[in-house]
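Please look over the structure below.

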Amino acid sequence: MNSNLKKVQTVIFICFLAIILALGYWQILKGSSLRLHPRNRYEAAIQDSIVRGGIYDRNKLPLAINDDGGNRLYPIGAPASNLIGYHSKTLGGAGVELWFNQLLSGQGGFLGLSNSWQRLAGTSGKGYNLQLTIDAELQKLGYNLLGGRKGAVVAIDPSNGELLSVISSPGYEMEDLEANWSNYTGDTNKPLFNRALSGAYPPGSTFKLVVGAAALDLNLNYQQKEFYCPGYVEVDGRYLSCSKEHGKIDLIEGLALSCNVVFAELGLALGGELLREMAQSFGHFDSPGEGFPAKYFSLGTPPFSKNALAETAIGQGQVLASPLQMALVAATIGNNGVWVEPILLKAAGSIREEFEPLAKVPIKRQIMRTDTAQILKEGMLAAVEWGTGWPVKLSGVKVAGKTGSAENPHGRAHAWFVAFAPVDKPQIAIAVIVENAGTGGGQAAPIAREMIKFHLGLR
Amino acid sequence: MYQIRRQEAFLLLPAILTLLAGASLYYLLFPVQENRLLFVVAILIGCGFYSVSLLMGRYAKKAEQLIFPIMAMLTSVGIIILYHIDPGLAVKQCIWTLIGLGCMALVIVFFKHYYWLSEVKYITILVALFFLFLTILMGDEAGGARNWLSLGSFRFQPVEIVKLLVILFAAAYLNEHKRELAERPGSNFLLSEWHSVGPILMITGLLMVLLVVQKDLGAALIIFALLLALFYIATGRLWAVFVGFAGFLLASTITYFLFAHLRARIAIWIDPWPLIDGAGYQPIQSYFALAEGGLVGMGLGMSFPGYIPAVATDFIFSIAGAELGFIGAILLVFLYFTISRKGFKIAKSAPEDFGFLLVCGLTLLFSIQTLVIVGGILKLLPLTGVTLPFMSYGGSSLVINYIMLGLLIKLSSLFRLKEGSMANEF
């Protein structure tokens, strides 16, 4: 009978083993998919038990707060809609409400512990109030300047990477989002799409700054080199036209007048690899520490034909960039070649109006020589003083800028403008795009001008 | 002469600390007058544990020392989880624990001989059948099964007692007939031993029919598996196990077509997801709870037990999985497995076959019941509403489990005392 018992014991042992394997299946293997299952109420219940933190701008103006009835209010409205986004049980989430949901719903850090405790006690916990680097007034100004046209503006403080405004137009009304959802999703102007961070546009002539940086970093003597512009350039039998016949022209003049010939020739001289390297160094080459999605340069797939290379060098062809990316190009040049990681979150606090700065060392990196940046600055200054960027000119402060008119398959050229000011110690760098609006100098530069003026407090 | 059982006394400490920690947690959260009662109850139960241990030092000196602390630990974890589900239930469970401990003490003190149990086997099984008949005639229905008996304001589930009685009968019967039933070369199964096989076959059939009529399919499954395993241990006839299994499948198929509520159970076992708003709601909420637990759990008292219907009885293990995580759940499973292993070890120390079969039966019942409910929760088996020993809320189940394992522990002491002597004298 003992041997029979042993067999039965073995069967029971196997059954207990099966129990442990099944536990592993439900708790570990299927764990994450079950936690995210739409019918699972646990995550929602955890968040429901928490008073969501508010979102404030750099001057502590409210961008998103709760009223006494527990409704989420967005005092800033459409101008920051794509940036602030939404957090909804039925629609999911977007923007800051999604990216910093962990903080807003108090799931991390000290508040997370205290909230678990509150939940146990049956009282409601609270999330962190967030202070963004955004300036609400600047944000509204830029949005109104776009005036409903499709476009985007990104303004950044070049010295520390703080994003001053992230504007995408058209926006939407966040407060009755659920009722209007189908209108927004069906709208061909894509109001729910964050053009400022995720838009992929041909950068047009603003990309010449990157080409110039790559060339000067390779050899500073490119500054003295004399080019000749007959009004076009021939590459392998194809003609690339220039805006006019510039004649003898150097690099700084090429930037000021946005001469295609100069940069097509520079691009051909540099080759695809050097261009790609420089372009990528403006992007997010470190781990995304800040935690918001953004689109950086993409240059298409090498090897590039000579034609493709010449087109890329003037910001057409396969090269694509987001407004954030172009703002970073301007900021880096303004910051003497030091790239600074863009940040959106300035401080967090568990008590209203009291914020603790986030202890985070910004990622900085010298991505081009100081001399290179200096020469590019001169070019951008010249563009504003006597070149294509003249509409941005302000009295009392020196502005550096670069225009772009990006040809695209959707109609008229996209109007681009990138700038920073004041030239010697920039406080703001900006990139503006207005879709299918025409020339950068005519359509985008005035927006940059007003925003710079506002930010620097000029009358 | 009282003798302190050092290992047991030491291992009881974690259980009592668990209770005290639980009481502190809930008192800190809700510092109201009533919650001071939690400390009183924790201390009372702690005293109960040590009293029983002390009694064993006097009346069951050589008894096994690991099983009782594990019982205490499982009970304590169950009570703490119940605090969170419903403090009222937790208080009742505490009272039931004290009653269970009292019953266990009676078994330890007064149960001095065991062999007489084999002499009264037909009375035992008649009492069992009587209980089942009574339940069918006068029982109350709860949760789809008609398996409650009320005596005034006192309600209990007779099936819990029936399980114990069936073990007593089966152990005695198989001991008496083991020679005729055992596998011999050239024996012609079922025909030549008809007079031995017949009665147990009939009684098994009768039990199954009575349980199925009550719609207590979980108990039917457990008792059948128990009898089959015990039959195999006694006779070594693998053949009979296959025949029995085939018979069970056949009977299940017939039941499947007869009872809509079994069809529903099978349907949610195969795929609960399309039925999420109906019958599948309960198991799916339990899967969500388990998933939410993940590796390390949400923390004791941090889950949302309100989402799972019948959480205090059938699904307490899901809440344990949610709050203690994979690691905690494995530890619990390990505790159950340890009782099972120790039980079979005690069986092997029996001086004669009735004691051996009796302890095998008790251990099998405990193991099978655990496997059936946990396996049901984890979708390894169809769900049947049976209790998880020591953790589920339920007076009858808790008390009977204390009595059964008390018996097991007492037997371990008797076996050691009587080793080498003629067992049949008792």
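A:Asn336 sits in the loop between H16 and strand E15 (338-340) of chain A. Helices (H or I, at least four residues) and strands (E, at least two) are DSSP runs, numbered from the N terminus. Phi of A:Asn336 is near 55°, a positive value in a residue other than glycine. A:Asn336 counts as partly exposed, with 17 C-beta neighbours inside 10 Å. The cut-offs are these: a residue is buried if 20 or more other C-beta atoms lie within 10 Å of its own, exposed if 12 or fewer, and partly exposed in between, with C-beta atoms placed from the backbone.

A:Lys60 is another residue other than glycine with a positive phi, near 65°. Its loop runs between strand E2 (55-56) and strand E3 (62-66) of chain A. A:Lys60 is partly exposed, with 14 other C-beta atoms within 10 Å.

## How to read the model

This is a predicted model: local features need pLDDT of at least 70, side-chain atom pairs count only at pLDDT 80 or more, and totals for chains, interfaces and linings use all residues. Residues are numbered from 1 along each chain as its sequence is written, while chains are lettered from A and ligands numbered from 1 in the order in which they are written.

## A five-strand sheet

Chain A holds an open sheet of five strands with antiparallel pairing. The order is E10-E9-E21-E20-E19. Two strands pair if DSSP finds at least two bridges between them. Which strands stand at the edges? They are E10 and strand E19 (400-408) of chain A; each has a single partner strand, so one side of each is left without a neighbour in the sheet. The twist averages 10° from one strand to the next. Helix H16 (residues 323-334) of chain A packs on this sheet. H16 touches E9, E19, strand E20 (411-421) and strand E21 (428-434) of chain A. Its direction makes about 150° with that of E21(A). Such axes are lines fitted to C-alpha atoms, for helices over the stretch in contact, and angles run from 0 to 180 degrees between N-to-C directions.

Now take one pair of strands. Six bridges join strand E9 (residues 151-156) of chain A to E10(A), and the two run antiparallel. A:Gly151 stands opposite A:Ser169, and A:Ile156 has A:Leu163 as its bridge partner. E9(A) and E10(A) form a hairpin with six residues between them. In the turn, A:Gly161 has a positive phi of about 80°. Strand E10 (residues 163-169) of chain A is mostly covered, with seven of its seven residues buried.

## Two cis bonds

The peptide bond from A:Ser169 to A:Pro170 is cis, with omega near 0°. A:Pro170 lies in the loop between E10 and helix H9 (177-186) of chain A. A cis peptide bond also joins A:Ala421 and A:Pro422, with omega about -10°. A:Pro422 is in the loop between E20 and E21 of chain A.

## A covered helix

Helix H13 (residues 260-270) of chain A has nine of its eleven residues buried, so the rest of the structure largely encloses it. Among the buried residues are A:Phe263, A:Glu265 and A:Leu270. A:Gly271 follows H13(A), and its phi is positive, near 90°.

## Chain B

Chain B has 15 helices and three strands. Of its 426 residues, 50% count as buried. Is B:Leu358 buried or exposed? It counts as buried, with 26 C-beta neighbours inside 10 Å. Not counting residues up to four places away in sequence, B:Leu358 touches B:Ile167 and B:Ala171. Touching means contact: the C-beta atoms, placed from the backbone, lie within 7 Å.

Chain B averages a pLDDT of 86, and 92% of the residues score at least 70. pLDDT is the predictor's confidence in each residue, from 0 to 100. Over residues 420-426 of chain B, pLDDT stays under 50. Where pLDDT is low, the predicted coordinates should not be read in detail.

## Where the chains meet

The contact takes 32 residues from chain A and 40 residues from chain B. On the chain A side, H1(A) gives the largest share, 17 residues. The predictor gives the complex an ipTM of 0.93 and a pTM of 0.66.

Methods:
Two residues are in contact if their C-beta atoms, placed from the backbone, lie within 7 Å.
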